[in-house]
Amino acid sequence: FHPHVLPIQKGTEVRWPNEDDIFHNVFSMSPSKSFNLGYYKTEPKTLRFDEAGRVDVFCAIHKDMHAIILILDTPFFQMAQPNDAFSFTDVPAGTYKLHAWHERLPESIVEVTGPAEGTVTQHLSMGFDTLPEF
């Protein structure tokens, strides 16, 4: 699956093309969205995601195919760029909680206050507060 992690706003439709010469079977048993698109080869499938949460997606035929869809209640989200930077535009002034997420790290949440005009720079750090002792 490409991309491996796909953040979307609640209510978004995702299109599942199959550009291979073999069948795929896209499915999920996640509480936020459980589905099975069945075996298909050429005709793309489309599916709407209406409930916020994490959806792990697999292919019944190919054990290494896995994707994560993050269904969000907000239009304000970004994927980090190769330099780990991201930016938001047209965010109304106010105080917000900024969530940074990685599939293998604890979520990082910081409070950010944005002015009516201008920019805000916020540095985030992700990782473990303490590592287990062995």
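N25 is buried, at 4% relative accessible area (buried means under 20%, exposed over 50%, partly exposed in between, with a 1.4 Å probe and protein chains only). The model is predicted: local features need pLDDT of at least 70, side-chain atom pairs count only at pLDDT 80 or more, and totals for chains, interfaces and linings use all residues. Residues are numbered from 1 along each chain as its sequence is written, and side-chain values use heavy atoms, without hydrogens or water.

N25 sits in strand β3 (residues 24-30); strands are DSSP runs of E, at least two residues, numbered from the N terminus. Its side chain makes a polar contact with the side chain of N36 at 2.9 Å. A polar contact is a pair of N or O atoms within 3.5 Å; within protein, one must be able to donate a hydrogen and the other to accept it, and residues adjacent in sequence count only if both atoms are side-chain atoms. The N25 side chain also reaches the backbone oxygen of G38 at 3.2 Å.

Now the rings. The structure holds 5 aromatic pairs (centres within 6.5 Å, using the six-membered ring of Trp; planes under 30 degrees apart are stacked, over 60 edge-to-face, the rest tilted). F1 and W16 pair edge-to-face, 5.8 Å between centres and 85° between planes. F1 lies in the segment before β1 (5-9) and W16 in strand β2 (residues 12-16), 15 residues apart. F1 is partly exposed at 29%, whereas W16 is buried at 7%. W16 and F35 have centres 6.3 Å apart and planes at 40°, so this pair is tilted. Ring pairs link F1, W16, F35 and F49 into a cluster.

Notes
Helix = DSSP H or I, 4+ residues; strand = E, 2+ residues; numbered from the N terminus.
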